[in-house]
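Me: I'm just starting out with protein structures, and I'd like a close look at one part of this one. Could you walk me through its aromatic rings?

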Amino acid sequence: MVYKFRVILDAEEDVFRDIAIHEDDTLEDLHNAIFNSFGFDGMEVASFYTCDETWNQEDEISLFDTGDVPGEQKIMSDYKLSDILDKQNTKIIYVYDFINMWTFLVELAAVEDLVFGNTYPETIFSHGEMPDEAMEKSFEADMHDDIYGEFEDDLDEDDLDMFEGDDSFEDFGFEENWN
């Protein structure tokens, strides 16, 4: 069988590629097909991330073993596409070049019969031009309505006056005690 993916660049403009690839090919083969179809040189590190139906990132599957114990961590070449993706689990996130954070939403669009004579993987449709720079990512925590969030202690300048004139604090001095 052949998996047909729509690979969408996370950008303001619509930029995507449709890729056909054998279901028994690995995530590394899909990685190669993606960076080739988008015109990257393939010299940067990349990872896939499993995700749920609403694209919430879950487990990382990296290109190289980055674990403390060599061989303990599974990498892209260890997973056939059919091990990770099927008609119920259709989405995966791909990040290329961790400096620029080119991020792609990869969705299994169809599972079809192999067409003899076709060479796989194959870019079967291309839409949009790659921007010069990746879209800036914002990694921010949810904040409460007020500027201090949950860490507001309700103290103000008047509360700190209680320490004025209090000589019970010993000055340890930096040079004497911190050598």
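To begin with, are F40 and Y96 buried or exposed?

Reply: Happy to take you through it! Keep in mind that this is a predicted model. Both F40 and Y96 are buried.

The structure holds nine aromatic pairs. In the pair of F40 and Y96, the ring centres lie 4.5 Å apart and the planes meet at 25°, so this pair counts as stacked. F40 sits in the loop between α1 and β3, while Y96 belongs to strand β5 (residues 91-96), so their pairing ties together parts that are 56 residues apart in sequence.

Ring pairs link F40 and Y96 into a cluster with F35, F38, F48, Y94, W102 and F104. One member of that cluster, F38, has a charged neighbour: R17 lies over the face of F38, at 4.7 Å from the ring centre.

For another kind of geometry, turn to Y3 and F5. Their ring centres are 6.0 Å apart and their planes stand at 75°, so this pair is edge-to-face. Y3 and F5 are both buried.

Now back to the loop between α1 (27-37) and β3 (46-51), where you will also find V45. V45 has a relative accessible area of 41%, so this residue is partly exposed. Together with F64 and F98, V45 forms a nonpolar patch on the surface, with about 260 Å² of accessible area in total.

Conventions. Residues numbered from 1 in each chain as written. Predicted model: local features only at pLDDT ≥ 70, side-chain atom pairs only at ≥ 80, totals over all residues. Heavy atoms only, no water. Patch = residues over 30% accessible without salt bridge, like charges linked within 9 Å, V, L, I, M, F, W, Y side chains within 5 Å. Areas by Shrake-Rupley, 256 points an atom, 1.4 Å probe, with all protein chains shown as cover. Salt bridge = Lys/Arg side-chain N within 4 Å of Asp/Glu carboxyl O. Helix = DSSP H or I, 4+ residues; strand = E, 2+ residues; numbered from the N terminus. Buried < 20%, exposed > 50% of the residue type's maximum accessible area, 1.4 Å probe, protein only. Phe/Tyr/Trp six-rings, centres within 6.5 Å; stacked < 30°, edge-to-face > 60°. Lys NZ or Arg CZ within 6 Å of the ring centre and 35° of its normal.
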